[in-house]
Amino acid sequence: EHKKSYDAWLQYEPVMDKSLSGQYQQYARSVEAMETSSIIQSAKQELHHAFTSMFENTAGHDDGAERCGIVLTTVESVEGPLKVEAARLSRDGYQIKSVLTSEGPRIYLIGMEEQGVLYAAFHLLRIMQNGSLVDSLNITENPTNQLRMINQWDNMDGSIERGYAGASIFYDKNGFTGDLERIKDYARLLSSVGINGISINNVNVHHVETNLITESLLPKVADVAAVFRAYGIKTYLSVNYASPLQLGGLSTADPLDPGVRAWWKEKTKEIYQYIPDFGGFVVKADSEHRPGPFTYNRTHADGANMLGEALEPFAGLVFWRCFVYNCLQDWRDRSTDRARAAYDHFKPLDGQFHSNVILQIKNGPMDFQVREAVSPLFGAMEHTNQMLELQVTQEYTGQQRHLCYLVPQWKEILDFDTYAKGKGSEVKRVVDGSLYQPAYAGITAVSNIGNDYNWTGHTLAQANLYGYGRLTWNPDLSSEEITAEWIARTFGKDEVVHEQVRSMLLDSWSIYENYTSPLGVGWMVNPNHHYGPNPDGYEYSLWGTYHFADWQGIGVDRTVASGTGYTSQYLKENKEMYESLQTCPDELLLFFHHVPYTHELKSGKTVIQHIYDTHFAGAEQAENLKTMWEMLEGRMDGERYRDVLSRLVEQAEHAKEWRDIINTYFYRKSGIKDQQNRKIY
Ligand code: GCU
């Protein structure tokens with residue numbers, strides 16, 4: 001009954017148009033594979049599954065019986081002129097070619113390797129879902145990013161840290177759920193948008209999860225890895241830096257201690273006995289009370305390189321997270337700036353990391369806020385592998401109860417010019433490896449799925465997972481293109497649905513920003529769970545998360561001239577832009593400067609009036625999202641309609657709460673009235 005929600009963008013609706021259906025079925029009749037690996041099997045299965053649901057009567061698996069149809073092959077097995085052309089493919093690349101042979105029309109799905117064949121199959125199905133013609137296809141696709149990962153923050157008790165869509169699909173009651181079918185369907189979703197790596201446990205590796213790398217749990221990890229392998233996705237684990245203490249009975253985890261190094265080497269070898277193509281480790285060390293090399297007065301390079309050396313014989317990788325900062329700060333201390341921390345810790349280590357270590361850097365220097373600056377670490381470490389970490393799960397962006405489509409935010413981040421090698425050194429070029437040609441690079445993100453029947457809680461939040469994958473494949477796709485694709489595959493052809501959902505999605509981040517966080521201020525949320533307004537929730541905390549609002553003004557002075565000097569971490573162009581009040585963009589003004597409420601923005605409004613205006617507007621816009629959705633009643637299945645509606649109702653209500661609390665807070669602080677005399681409490 002939950003079929004459409006569950007299938008997400010892989011619905012394969014029956015093709016109603018007779019002539020299209022006729023054309024497609026010419027090909028769908030026969031799916032022939034030149035190889036037999038598990039990945040090729042997955043591609044065949046997907047095509048078969050799709051064709052069975054798209055057409056009334058199609059065999060689609062009658063290999064070789066027909067001399068026309070779809071041919072799945074890697075470059076190696078392809079013959080003749082097609083082979084030569086296929087030489088333009090990179091490792092995960094593919095071609096889709098319609099060819100008229102003497103025996104009839106064919107579509108070749110040619111992968112450089114097997115995973116390319118699978119990606120080609122998904123691409124062909126996308127074309128068919130869109131209702132486009134397929135008899136003269138000539139497509140070449142190569143992914144822009146080499147590593148296209150997803151991180152689960154799942155715990156083995158079944159909970160998900162910052163998960164808003166039910167419990168884990170991997171674990172339950174400190175064991176594995178064993179529901180490999182569900183995991184397979186997740187693998188299909190991920191692979192269909194090009195994801196090729198997954199770490200399957202939370203970066204905070206607690207006691208039970210530390211055992212994932214022991215013989216008691218490795219066979220189960222191997223089962224999961226086998227499911228993902230068949231979809232071209234490598235499995236990784238988050239590991240506890242202090243594993244040698246808990247598992248090895250050693251008295252230290254000092255990365256320079258020969259016993260510790262030997263222990264990790266042995267341990268790694270053991271893991272590869274269970275999972276020969278294991279991807280490697282994700283490590284959160286010396287971060288938010290997690291253990292790390294600092295305990296032993298060693299650097300992060302020492303810690304990461306020890307693991308890098310252990311993984312090297314097996315071509316495994318270390319994703320070493322840069323989310324390292326002082327989380328025991330004193331709010332009275334205005335000289336320590338959390339935003340500076342990652343750069344201050346890691347920049348001096350440039351060039352010291354092992355070749356298979358990749359620094360995993362959050363998009364911003366704080367923590368996935370609604371709006372924050374881009375981390376100055378991107379482009380700052382010419383001799384170090386770097387990876388961008390985004391958050392698909394909506395921790396600070398409405399927790400999948402509010403609509404907040406993040407593709408426009410991610411586009412801004414990817415398009416941000418670091419100027420590392422002059423103009424045109426965008427973040428996307430740092431993380432796709434084209435700027436510095438590092439050994440490894442790519443994008444990763446925290447997943448937003450759980451075991452809810454629709455995966456993401458909010459059905460429209462499926463678009464975030466979809467868009468994330470598409471951007472890792474090709475960061476130059478526009479928000480509009482991605483959005484249109486997703487809507488068509490999720491809701492079909494209805495023009496009204498398209499128009500409404502398109503503008504709802506594309507406006508939602510700015511709407512959310514309007515009624516929550518003005519001008520780059522973050523953290524005005526309830527502590528711990530981070531849902532709902534609380535302007536002073538983090539103001540007197542240990543976390544380094546302050547906005548310093550007083551009766552005269554607000555914002556964090558991060559300038560060199562009078563503040564924490566954070567702006568100096570950027571290259572000249574950006575440093576100057578942020579340092580000066582004249583050139584700092586409005587949307588990040590309070591991230592970089594402390595200004596009076598009467599400070600005039602580029603928009604011509606004062607800061608305080610901007611706060612009032614955006615909060616009144618945002619709450620209205622949220623109400624309007626609901627109205628727009630209500631126009632879609634009867635244009636889709638009742639289940640998805642009602643599901644989304646109930647969330648939009650909550651959002652509209654909750655947006656008013658945000659509006660009133662934030663406006664009242666600033667009115668009471670500043671004593672300045674709203675020019676329009678609207679209701680402030
Ligand atoms: C945030 C988040 C934590 C998470 C951490 C991280 O602080 O609230 O739940 O563990 O980021 O990325 O490590």
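This is a predicted model: local features need pLDDT of at least 70, side-chain atom pairs count only at pLDDT 80 or more; totals for chains, interfaces and linings use all residues.

Helix H13 itself runs over residues 407-415, and because seven of its nine residues are buried, it is largely enclosed by the rest of the structure.

Gln500 has its place in helix H17. Is Gln500 buried or exposed? Its relative accessible area is 12%, and because buried means under 20%, Gln500 counts as buried. Leaving aside residues up to four places away in sequence, Gln500 touches Met628, Met631 and Leu632.

Now turn to the ligand. How many residues surround the ligand? There are 14, and the closest are Glu161, Lys284, Arg321, Lys362 and Glu395. Zoom in on Arg321 and you will find a polar atom of its side chain 2.7 Å from an oxygen atom of the ligand. Arg162 also reaches the ligand: an N or O atom in the side chain of Arg162 is 2.8 Å from a ligand oxygen atom. The side chain of Asp367 likewise has an N or O atom 2.8 Å from an oxygen atom of the ligand.

Next, consider the empty spaces. Rolling a probe the size of a water molecule over the atoms shows where such space is left. In this structure there are 10 cavities of 30 Å³ or more, and the largest cavity has a volume of about 130 Å³. Its lining is made of 16 residues, with Cys322, Phe323, Ala342, Gly364 and Pro365 nearest the centre. Helix H12 (341-346) and strand E13 (357-362) each supply at least two residues of this lining, and H12 gives the most, with three residues. What classes of residue make up the lining of the largest cavity? It has 12 nonpolar, two polar and two charged residues.

About 560 Å³ of space lies in the largest pocket. It is lined by 28 residues, and the closest to its centre are Arg91, Asp92, Gln115, Asn196 and Lys234. Strands E6 (147-151) and E10 (234-238) each bring at least two residues to the lining of the largest pocket. By class, that lining counts 11 nonpolar, 10 polar and seven charged residues.

The second largest pocket has a volume of about 470 Å³. Of the 23 residues that line it, Glu13, Pro14, Gln129, Gly492 and Lys493 lie nearest its centre. Two or more lining residues come from each of helix H2 (18-28), helix H5 (114-129) and H16. Which element gives the largest share of this lining? That is H16, with four residues. The lining of the second largest pocket has 11 nonpolar, five polar and seven charged residues.

Notes:
Residues are numbered from 1 along each chain as its sequence is written. Side-chain values use heavy atoms; hydrogens and water are left out. Buried means under 20% relative accessible area, exposed over 50%, partly exposed in between (1.4 Å probe, protein chains only). On a 1 Å grid over the protein atoms alone, a cavity is a set of points where a 1.4 Å probe fits but cannot get out, and a pocket is an open set with protein on both sides within 12 Å along at least five of seven lines; lining residues have an atom within 4 Å of a point. Grid points are joined across faces, edges and corners, and a volume is the space filled by probe spheres set on the points. Ala, Val, Leu, Ile, Met, Phe, Trp, Tyr, Cys and Pro count as nonpolar, Asp, Glu, Lys and Arg as charged, and the others, Gly among them, as polar. A residue is near a molecule or strand if one of its heavy atoms lies within 4 Å of it. A polar contact is a pair of N or O atoms within 3.5 Å; within protein, one must be able to donate a hydrogen and the other to accept it, and residues adjacent in sequence count only if both atoms are side-chain atoms. Contact means heavy atoms within 4.5 Å.
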